[in-house]
Amino acid sequence: MATLSQIRRLATQAPSKATSLKIGMIPADGIGREAARQALEALGSDIPKPQFVDLDAGFEFFTKHGVALPEATVEALSTDCNAAMFGAVSSPSRKVTGYSSPIVALRKKLDLYANIRPVSSVKGTSGPDVDMVVVRENTECLYVKQEKLEDGPKGKEARATRLITEYASRRIGKMGFEVALARGGRRGKPPTLTVVHKSNVLSVTDGLFRETVRGVPTLPEVAGKYDGVAVNEQLVDSMVYRMFREPQEFDVAVAPNMYGDIISDAAAALVGSLGLVPSVNAGDSFVM
């Protein structure tokens with residue numbers, strides 16, 4: 001979901017697509033419908049004159065109409081909305097012919113290349129001191145969904161393509177540095193960006209991600225901008241271990257799509273539940 005500060009910023013930028021801010025509301029499945037109702041109340045009192053556009057998507061919609069993400073929803077978001085709120089989607093754990101996650105599709109269709117999830121301890125609750133942000137690349141990795149099943153000499157063999165590009169790694173790296181810079185550091189420490197990878201095993205794909213993100217501060221267009229951001233790195237398995245042992249050591253983590261998906265959900269367990277850590281899917285001109 002888009003954060004209030006981001007929607008406020010959009011609202012004050014005189015949207016060119018409409019005379020007032022239009023927010024596409026996609027409750028989708030299950031608890032998403034309840035969350036959407038509460039979001040409507042919160043946003044209605046906080047943003048000047050928003051308009052809400054009701055849109056369809058989700059597994060329940062798929063079971064009734066045979067499509068999880070209708071083109072009408074994509075068209076409305078692309079041409080008539082300035083931002084969107086997405087409730088929740090119920091994706092089956094088994095293969096369902098014809099079904100594909102609408103949230104994954106929307107990230108690609110709207111080029112929402114960054115998933116940004118702040119994770120903070122809730123005041124008044126017991127537990128570890130957590131104040132970190134996970135910045136997840138949102139468009140590639142194994143989630144390009146290029147899979148095939150073949151017959152091999154010893155039975156069936158399943159294969160999947162993992163795509164990591166310099167272009168996507170560079171722009172998510174920039175986003176990670178921007179988030180770290182904006183936070184300004186925590187607990188008396190300078191802003192710190194942790195690059196999460198597994199390049200000791202996946203030396204080509206994760207190697208490209210690691211090298212590209214670490215190289216962002218040397219790009220001519222950002223010369224000197226990120227000099228105040230410290231950079232370190234963690235293998236993804238070590239990241240999960242350390243995150244549960246000493247979460248206070250982390251400020252901002254940037255990761256490829258699947259690793260980011262896993263560690264951001266795992267981080268939610270540190271502060272209570274996924275319901276306490278909504279995230280934003282962000283592109284350069286649209287947020288959801």
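In which helix is the place of Thr73?

Mentor: Thr73 is placed in helix α4, residues 71-80; helices here are DSSP runs of H or I with at least four residues, strands are runs of E with at least two, and both are numbered from the N terminus. The model is a predicted one, in which local features need pLDDT of at least 70 and side-chain atom pairs count only at pLDDT 80 or more, whereas totals for chains, interfaces and linings use all residues. Residues are numbered from 1 along each chain as its sequence is written, and side-chain values rest on heavy atoms, with hydrogens and water left out.

Thr73 counts as buried because its relative accessibility is 2%; buried means under 20% relative accessible area, exposed over 50% and partly exposed in between, with a 1.4 Å probe and protein chains only. A polar atom of its side chain lies 2.6 Å from the backbone oxygen of Asp56. Setting aside residues up to four places away in sequence, Thr73 touches Ile26, Leu55 and Asp56, contact being heavy atoms within 4.5 Å.

Confidence comes next. The pLDDT, the predictor's confidence in each residue on a scale from 0 to 100, has a mean of 89 over the protein chain, and 91% of the residues reach 70 or more. Residues 14-18 have pLDDT below 50, and beyond near neighbours in sequence this stretch has 8 contacts in the model.

Strand β1 (residues 22-28) contains Ala28, whose phi is near 65°, a positive value in a residue other than glycine. Most residues other than glycine have a negative phi. Ala28 is buried, at 13% relative accessible area. Lys145 also has a positive phi, of about 60°, although it is not a glycine. Lys145 is located in the loop between β5 (131-137) and β6 (147-152), and it counts as partly exposed at 44% relative accessibility.

The aromatic residues may be taken together. Rings of Phe, Tyr and Trp (its six-membered ring) pair if their centres lie within 6.5 Å; planes under 30 degrees apart count as stacked, over 60 as edge-to-face and the rest as tilted. The whole structure holds 4 aromatic pairs. In one of them, Phe59 and Phe62, the ring centres are 6.0 Å apart and the planes meet at 25°, so this pair is stacked. Both residues belong to helix α3 (residues 59-65), where they are 3 residues apart, about one turn of the helix. Phe59 is buried at 17% relative accessibility, and Phe62 is buried at 11%. Phe62 also pairs edge-to-face with Tyr99, at 5.2 Å centre to centre and 65° between the planes. That pair links distant parts of the chain, as Phe62 is in helix α3 while Tyr99, 37 residues apart from it, is in the loop between β3 (83-88) and α5 (102-109). Phe59, Phe62 and Tyr99 form one aromatic cluster.

Asp251 occupies the loop between α8 (236-245) and β10 (252-255). With a relative accessible area of 6%, Asp251 is buried. Its side chain makes a polar contact of 2.7 Å with that of Arg183; such a contact is a pair of N or O atoms within 3.5 Å, where within protein one must be able to donate a hydrogen and the other to accept it, and residues adjacent in sequence count only if both atoms are side-chain atoms. Apart from its neighbours within four places in sequence, Asp251 is in contact with residues including Asp131, Met132, Val133, Gly185 and Thr192.

In helix α7 (residues 205-214), the buried residues are Asp206, Gly207, Phe209, Thr212 and Val213. These pack against α6 (166-183), β8 (192-197), β10 and α9 (257-271). Helix α9 is also the place of Ile263, which counts as buried at 0% relative accessibility. Outside four places in sequence, Ile263 touches Val134, Val196, Val236, Met239, Val240, Met243 and Ala255. Ile263 and Lys108 are 155 residues apart in sequence, with their C-alpha atoms 21 Å apart in space.
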